[in-house]
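User: Please take a close look at one part of this structure and describe in a connected account how its residues are placed.

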Amino acid sequence: MTTLYHAPMSRSSSILALVRELDPTIDVQTVTVRRPDGSGGPDPKNPHPEGRVPYLVDGAEHLRERGAIVLYLTDKYPDAGLAPKVGEPGRGAYLTWLSYYQGVMEPVFIMTMLDQATPESIRAYGSFDDVIASLDHALQKGPYLLGTHYSAADLLCASPFQWMPHMVPDNARIRDWVARCSERPSVAQVVAEEMAPA
């Protein structure tokens with residue numbers, strides 16, 4: 001049994017969309033988490049050691065962090081075609097984008113959103129404009145980060161723009177890419193469900 005622990009309107013929403021792409025029979029357990037406004041709190045049902053999401057349990061395997069979960073699931077379901085297989089062209093770029101998202105994009109987005117970017121953080125991670133330039137450079141070669149085909153790297157890297165549309169830059173290439181990724185049925189379904197009035 002594979003189980004995803006998920007909280008709506010959180011970092012796990014993109015993983016829920018990925019699960020729906022790969023295997024909708026994966027069990028999804030909805031849990032509470034502590035929210036930035038101080039509401040919510042850890043859920044005793046959630047096995048994540050820090051009470052966060054996403055958290056994936058697959059038998060004896062326990063995974064946290066989106067980049068790791070994306071890689072694990074796309075390797076487990078290779079026939080879905082959402083990632084180059086080991087040895088296939090584009091595998092290195094795919095791994096790079098997953099790591100870039102986790103190690104650079106997400107910290108830069110958070111610091112920018114909170115208006116807490118400092119000269120030191122920009123030297124360490126780059127600026128928001130640097131991230132946009134990296135995405136734009138990749139998208140000059142095709143409609144998706146790996147070229148002509150949509151992959152889970154697109155799902156992950158486009159996800160912050162879907163939940164924070166005010167951060168989509170005035171850049172036609174990136175705006176069109178975010179729109180293409182948002183039209184993916186699994187993504188559109190999760191966004192519609194989670195953004196719907198309670």
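Analyst: Helices here are DSSP runs of H or I with at least four residues, numbered from the N terminus. In this predicted model, Asp-170 falls in the loop that joins helix H6 (152–163) to helix H7 (172–182), and Met-167 belongs to the loop between H6 and H7 as well.

Since buried means under 20% relative accessible area and exposed means over 50%, Asp-170 counts as exposed because its relative accessible area is 78%. Met-167, at 8%, is therefore buried. From Asp-170 to Ser-182 the separation is 12 residues in sequence and 17 Å in space, C-alpha to C-alpha. For Met-167 and Phe-109, the separation is 58 residues in sequence and 8.8 Å in space, again C-alpha to C-alpha. Once neighbours within four places in sequence are set aside, the contacts of Met-167 are Phe-109, Thr-112, Met-113, Phe-128 and Phe-161.

Phe-109, Phe-128, Phe-161 and Trp-177 make up one aromatic cluster, and the structure holds 5 aromatic pairs. One of them is formed by Phe-109 and Phe-161, edge-to-face, with 5.1 Å from centre to centre and 80 degrees between the planes. Phe-109 lies in helix H3 and Phe-161 in helix H6, so this pair ties together parts that are 52 residues apart in sequence. Both Phe-109 and Phe-161 are buried. The rings of Phe-161 and Trp-177 have centres 6.3 Å apart and planes at 75 degrees, so this pair is also edge-to-face. With Phe-161 in helix H6 and Trp-177 in helix H7, the pair ties together parts that are 16 residues apart in sequence. The relative accessible area is 1% for Phe-161, which is therefore buried, and 0% for Trp-177, which is buried too.

Another aromatic ring, that of Tyr-144, has Arg-180 over its face, at 5.6 Å from the ring centre.

The pocket is lined by 27 residues, of which Met-9, Ser-10, Arg-11, Pro-36 and Ile-110 are the closest to its centre. Helix H3 (91–113) and H6 are the elements that give two or more residues to this lining, and H3 gives the most, with 5 residues. By class, the lining of the largest pocket comprises 14 nonpolar, 5 polar and 8 charged residues.

How values were computed. Residues numbered from 1 in each chain as written. Predicted model: local features only at pLDDT ≥ 70, side-chain atom pairs only at ≥ 80, totals over all residues. Heavy atoms only, no water. Buried < 20%, exposed > 50% of the residue type's maximum accessible area, 1.4 Å probe, protein only. Contact = heavy atoms within 4.5 Å. 1 Å grid on protein atoms, 1.4 Å probe; cavity = no way out; pocket = protein on both sides within 12 Å on 5 of 7 lines; lining within 4 Å. Nonpolar A, V, L, I, M, F, W, Y, C, P; charged D, E, K, R; others polar. Phe/Tyr/Trp six-rings, centres within 6.5 Å; stacked < 30°, edge-to-face > 60°. Lys NZ or Arg CZ within 6 Å of the ring centre and 35° of its normal.
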